[in-house]
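Here are my notes on the model you sent. They are set out as numbered points, to be read beside the structure.

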Amino acid sequence: MLSYSSYMLTAVAALLVSCHALRKFPEVPRLAGIFGLPGRDGLRGQSPLPGLTGPSGNGGLPCVQGLRNSLDTELYNILVNLGKRLSRLEGVLALNGEITEVGEKIFASNGKEADFASALESCEKAGGTLATPMNEEENNAILSIVKQYKRYAYLGIKGGDTSGQFRYIDGTPLNYTKWHKYEPNGKGTEKCVEMYNDGSWNDKKCNLYRLTICEF
Ligand code: MMA
Ligand code: CA
């Protein structure tokens, strides 16, 4: 009787351990389904391995001793697939001229002209911020969109109270600039920055209509 109880205890403990990962990551079956791996639906009504049980509370993905070990591989495969699908989507968007990628950044425009505050709001609502060139390569990527739409664009840079003090929107000082000759010249009266169609910058009033270019 004692040995039977301890056997049951071990079995239950093993099941708990194997299901632990799925409780910790309950989204795994759903992700697996999304990324084309056997997930909730793929395994419905089937037992992919002999001896598998389908306990309740984990969305139908079977729990079995040893699943904990395979979960890393499963998650790895999901991430690899996710990366491949994202890169295909990026290829489509880039092909259609809808995004421009530089390093980790993605630049995109909605093609609309707006004042600085509205442009920034549009970008933030979309989960990004205004395009902010932090080196020559990023400046050129933004320039390509300015040329595409043939419109000057506001940049994610703002002038402070002190004249000539321009900072990134988050308040940090600029580490790259591309001022046009004799700019900035607003002496604190032009608190926004526009990009000309040669990629150079001009401090400018914030209430004009300029192309909205965001970065993500
Ligand atoms: C405009 C305005 C300024 C800019 C000068 C350059 C007259 O003001 O765009 O921001 O510096 O042109 O000539
Ligand atoms: Ca100016």
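1. Buried means under 20% relative accessible area, exposed over 50%, and partly exposed in between, with a 1.4 Å probe and protein chains only. By that rule, 33% of the 216 residues of the chain count as buried. The model is predicted: local features need pLDDT of at least 70, side-chain atom pairs count only at pLDDT 80 or more, and totals for chains, interfaces and linings use all residues. Residues are numbered from 1 along each chain as its sequence is written, chains are lettered from A and ligands numbered from 1 in the order in which they are written, and side-chain values use heavy atoms, with hydrogens and water left out.

2. Overall make-up. The chain has 5 helices and 8 strands, where helices (H or I, at least four residues) and strands (E, at least two) are DSSP runs numbered from the N terminus. Their order along the sequence is α-α-α-β-β-α-β-α-β-β-β-β-β. Taking contact to mean heavy atoms within 4.5 Å, 64% of the contacts between residues at least 6 apart in sequence join residues at least 24 apart. The chain exposes about 13000 Å², of which carbon and sulfur atoms supply 56%; accessible areas come from the Shrake-Rupley method with a 1.4 Å probe, and for residues only the protein chains shown count as cover.

3. The calcium site. Which protein atoms are the donors of the calcium ion (ligand 2)? They are E183 (OE), N185 (OD1), E190 (OE), N202 (OD1), D203 (O) and D203 (OD), at 2.2 to 2.6 Å from the ion. Donors here are N, O and S atoms within 2.8 Å of the metal (3.2 Å for Na, K and Ca); water is not among the atoms, so sites may look incomplete. Along the chain the donors of the calcium ion are spaced as E-x1-N-x4-E-x11-N-D. E183 sits in the loop between strand 5 (166–168) and strand 6 (192–195) and N202 in strand 7 (residues 201–204), so this pair ties together parts that are 19 residues apart in sequence. E183 counts as buried at 16% relative accessibility, and N202 counts as buried at 4%.

4. Ligand 1. Around ligand 1 are E183, N185, E190, N202, D203 and K204; a residue is near a molecule or strand if one of its heavy atoms lies within 4 Å of it. That shell holds no nonpolar, 2 polar and 4 charged residues. The classes are Ala, Val, Leu, Ile, Met, Phe, Trp, Tyr, Cys and Pro as nonpolar, Asp, Glu, Lys and Arg as charged, and the others, Gly among them, as polar.

5. Polar atoms at ligand 1. An oxygen atom of ligand 1 lies 2.5 Å from a polar side-chain atom of E190. An N or O atom in the side chain of K204 is 2.6 Å from an oxygen atom of ligand 1, and a polar backbone atom of D203 is 2.9 Å from an oxygen atom of the ligand. On its own, ligand 1 has 330 Å² of accessible area, and the protein covers 49% of that.

6. S200. This residue is in the loop between strand 6 and strand 7 and is buried, with a relative accessible area of 7%. The side chains of S200 and D198 make a polar contact of 2.6 Å. A polar contact is a pair of N or O atoms within 3.5 Å; within protein, one must be able to donate a hydrogen and the other to accept it, and residues adjacent in sequence count only if both atoms are side-chain atoms. Not counting residues up to four places away in sequence, S200 touches K178, W179, H180, E194 and M195.

7. C123. Helix 4 (residues 116–125) contains C123, which counts as buried at 0% relative accessibility. Leaving aside neighbours within four places in sequence, C123 is in contact with G128, T129, L130, T212, I213, C214 and F216. C123 and N110 are 13 residues apart in sequence, with a C-alpha to C-alpha distance of 9.2 Å.
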